[in-house]
Amino acid sequence: MRARSPRASSRDAILRVFAEHVADRGYADTSLGDIAAELDLSKGTIVHHFGTKEALLREVHVAYFARRFAEADYVLAQLKDPASRLVAMIYALLAAHRDDRAASLACLRELVRYFDGDLTGYVRTQRTRYTAIVSDILRDGVDEGLFHTADPKMSALQIFGMCNYAWTWYKPDGSQSVEEIARLFARNILGGLAHGLAHGPAHGLAHGPAEDAALDELITKAMDTVQRAPGRLPPSNKNI
């Protein structure tokens, strides 16, 4: 049994352990009784705090989306060019699979498959809002002549498909770090979109040592910006 902090009766501890159980076992096989036993609580205590298992899952989603939007807001405030913003968003999506792993698995893998009511509507609304952020970044890049895409929203969905389903293959202890994966993904995406990027902040894509170094600097700056975003969980922190 995993060791827990002395303040096991807190809402945060219940949410943390619940997310870990959903990540490990799936929602259907997670029980409030197991959560209570691991935290040395009564099941009634969990019901007192949250009411139902569905309410717990909703709380995990609310906290998860709050962290993702806080990162996005910080990226938009700190980075001004579309290329840097796009790289930062790609990295933020991928880094969540490591730094916010339990909640990422609980939210992305389950994808509210069990619900048709309030939770589904909430998740759909948040996903639409988040998609709009990336779509707008791509649209700004098109307007500035940096990117070429006939459909920014569809290109945004392509990026989400690439990043969000990393849970199916990414291993925190694997041979490649999140940073290495993000660099590769960023180069591939920018290479496909960057019609005219040679005139933008990266000064071209790998056409020579100077251009390659400029692109690497852009990617590094974007990832550093995400790492400084307020409220982010460090890699070893599982708290909700």
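Asparagine 164 has its place in helix H8. This is a predicted model, in which local features need pLDDT of at least 70 and side-chain atom pairs count only at pLDDT 80 or more, while totals for chains, interfaces and linings use all residues. Residues are numbered from 1 along each chain as its sequence is written, and side-chain values use heavy atoms, with hydrogens and water left out.

## Exercise 1. The overall build

Solution. 
1. Helices (H or I, at least four residues) and strands (E, at least two) are taken as DSSP runs, numbered from the N terminus.
2. A residue is buried under 20% relative accessible area, exposed over 50% and partly exposed in between (1.4 Å probe, protein chains only).
3. A contact means heavy atoms within 4.5 Å. Among contacts with a separation of 6 or more, 72% join residues 24 or more positions apart.

## Exercise 2. Helix H8 and asparagine 164

Task: work out which residues of H8 are buried and what they pack against.

Solution. 
1. H8 has 13 residues and reaches 18 Å from its first C-alpha to its last, close to the 18 Å expected at 1.5 Å a residue. The expected span is 1.5 Å times one less than the number of residues.
2. Pro152, Ser155, Ala156, Ile159, Phe160, Cys163 and Asn164 are the buried residues of H8. They cover an arc of only 155 degrees around the axis, which puts them on the same side of H8. The arc is that of the directions from the helix axis to the C-beta atoms.
3. These buried residues pack against helix H5 (82–99), H6, H7 and helix H9 (178–193).
4. Asparagine 164 has a relative accessible area of 12% and is therefore buried. Not counting residues up to four places away in sequence, asparagine 164 touches Leu93, His97 and Leu108.
5. Arginine 139 belongs to helix H7 and is partly exposed, at 34% relative accessibility.

## Exercise 3. The largest pocket

Task: give the volume of the largest pocket and say which elements line it.

Solution. 
1. On a 1 Å grid over the protein atoms alone, a pocket is an open set of points where a 1.4 Å probe fits, with protein on both sides within 12 Å along at least five of seven lines; lining residues have an atom within 4 Å of a point. Grid points are joined across faces, edges and corners, and the volume is the space filled by probe spheres set on them.
2. The largest pocket has a volume of about 430 Å³. It is lined by 23 residues, of which Arg127, Tyr130, Thr131, Phe160 and Asn164 are the closest to its centre. Helix H4 (53–78), helix H6 (101–109), helix H7 (118–143) and helix H8 (152–164) each give two or more residues to the lining.
3. H7 supplies the largest share, eight residues.
4. By class, the lining has 13 nonpolar, six polar and four charged residues. Here Ala, Val, Leu, Ile, Met, Phe, Trp, Tyr, Cys and Pro count as nonpolar, Asp, Glu, Lys and Arg as charged, and the others, Gly among them, as polar.

## Exercise 4. Methionine 223

Task: locate methionine 223 and list its contacts.

Solution. 
1. Methionine 223 is in helix H10 (residues 209–227) and is buried, with a relative accessible area of 4%.
2. Leaving aside neighbours within four places in sequence, methionine 223 is in contact with Tyr91, Glu179, Ala182 and Arg183.
3. Methionine 223 and glutamate 179 are 44 residues apart along the chain, and their C-alpha atoms are separated by 8.0 Å.
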